[in-house]
Each structure stands twice: as C-alpha cells, then as structure tokens.
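Dear colleague,

I am passing on the structure below, and I would be grateful if you could look through it alongside the notes that follow.

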Amino acid sequence: MHELSLVQNLLQQLHELAEEHRKTRVLTVYMCIGPFSGVVIDSFEFGFETLAKESQLTSEAVLIIENPDAGYRCCGCNTVIKHKHKQKTDQCPNCSETLLIPEGGDELILSRVEME
Ligand SMILES: [Zn+2]
C-alpha cells in the first residue's frame with residue numbers, strides 16, 4: 001500500500017520536528033491532500049492510526065486532513081474551472097474547449113503540527 005510509506009515519511013518528519021523543537025508529544029497534525037495527489041485518504045488515515053500508535057511521540061496524535069480546491073485551466077479562454085471532487089471536467093463551460101490543464105490539487109503537504 002502506497003499510503004503506508006507516505007505515513008512512514010510523515011511520522012519520520014514528525015520525529016525530526018519534535019527533536020528539533022524539543023517536544024515530547026504530537027497533539028494534532030494537519031495535512032493538506034489534494035484530490036489529484038493520488039492519495040487514498042481513507043488508507044492514509046488508516047495507516048496513520050495504525051503506525052502512530054507504535055510511537056509514544058505520536059500515540060495520541062489526531063490527524064486532520066484538509067482538502068484544497070483543485071481546478072482546470074482552459075487552453076481556449078484561460079478560465080479556471082474549480083471543483084472540489086475528483087471528477088473529470090471534459091469541457092470548458094465558457095467556450096466548450098476540451099483541452100484543459102489540471103491546476104493545483106496535487107498537494108501532499110504537512111501544513112501544521114501542534115506539539116507539546
Ligand atoms: Zn474556455
């Protein structure tokens with residue numbers, strides 16, 4: 001499972017951050033995961049719940065996943081078509097152009113951590 005190695009990377013990052021800031025407990029982890037990042041959020045959450053328990057640092061940590069907006073830019077009229085879900089937009093609603101370039105939504109970012 002691809003998500004499991006992403007969670008391992010995240011936990012590694014949290015350990016380094018905690019060490020750097022001399023913290024002993026991670027309280028809340030905010031992740032920004034876009035609809036085009038290729039990450040299955042359910043699997044990511046499951047992986048986090050499973051792996052975070054194995055370390056004292058993260059055993060109580062709460063994971064909060066934020067979904068940024070994603071969109072397409074139309075090559076015909078430059079309109080940005082925004083949507084929140086992973087559904088393919090086939091045509092520009094403005095000029096009916098079908099050549100649309102994905103814009104944003106591929107984020108996989110640790111956006112904020114609360115530690116003590
Ligand atoms: Zn257009």
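In which hand, left-handed or right-handed, does H1 pass H2? H1 passes H2 in a right-handed crossing, where right-handed means that the near helix is turned clockwise from the far one by less than a right angle, and left-handed that it is turned anticlockwise.

Before the rest, please note that this is a predicted model, in which local features need pLDDT of at least 70 and side-chain atom pairs count only at pLDDT 80 or more, while totals for chains, interfaces and linings use all residues. Residues are numbered from 1 along each chain as its sequence is written.

The chain has 2 helices and 6 strands, these being DSSP runs numbered from the N terminus (H or I of at least four residues for helices, E of at least two for strands), and along the sequence they follow the pattern α-β-α-β-β-β-β-β. The radius of gyration, taken over C-alpha atoms, is 18 Å, well over the 13 Å that the globule rule (2.2 Å times the number of residues to the power 0.38) gives for 116 residues, so the chain is more spread out than a compact globule. Along the principal axes, the C-alpha atoms fill a box of roughly 55 × 25 × 15 Å.

As for the helix pair, the axes of H1 (residues 2–20) and H2 (residues 41–52) come within 9 Å and cross at roughly 50°; axes are lines fitted to C-alpha atoms, for helices over the stretch in contact, with angles running from 0 to 180 degrees between N-to-C directions. The two helices are therefore oblique to each other, a class left over once angles under 35 degrees (roughly parallel), over 145 (roughly antiparallel) and 65 to 115 (roughly perpendicular) are set aside. In H1, Glu3, Leu4, Leu6, Val7, Gln8 and Leu11 meet Ser43, Phe44, Gly47, Phe48, Leu51 and Ala52 in H2, contact meaning C-beta atoms, placed from the backbone, within 7 Å.

Turning to the sheet, 3 strands form an open, mixed arrangement in the order S2-S1-S6, where pairing requires at least two DSSP bridges between two strands. S2 (62–66) and S6 (108–115) stand at the edges with a single partner strand each, so one side of each is left without a neighbour in the sheet. S1 (residues 26–33) runs parallel to S2, joined by 5 bridges, with Tyr30 opposite Ile64 and Cys32 opposite Glu66. S1 and S6 pair in the antiparallel sense over 7 bridges, and Met31 stands opposite Leu110 in S6. H2 lies across S1 and S2, running at about 165° to S2.

Note on methods
Two residues are in contact if their C-beta atoms, placed from the backbone, lie within 7 Å.
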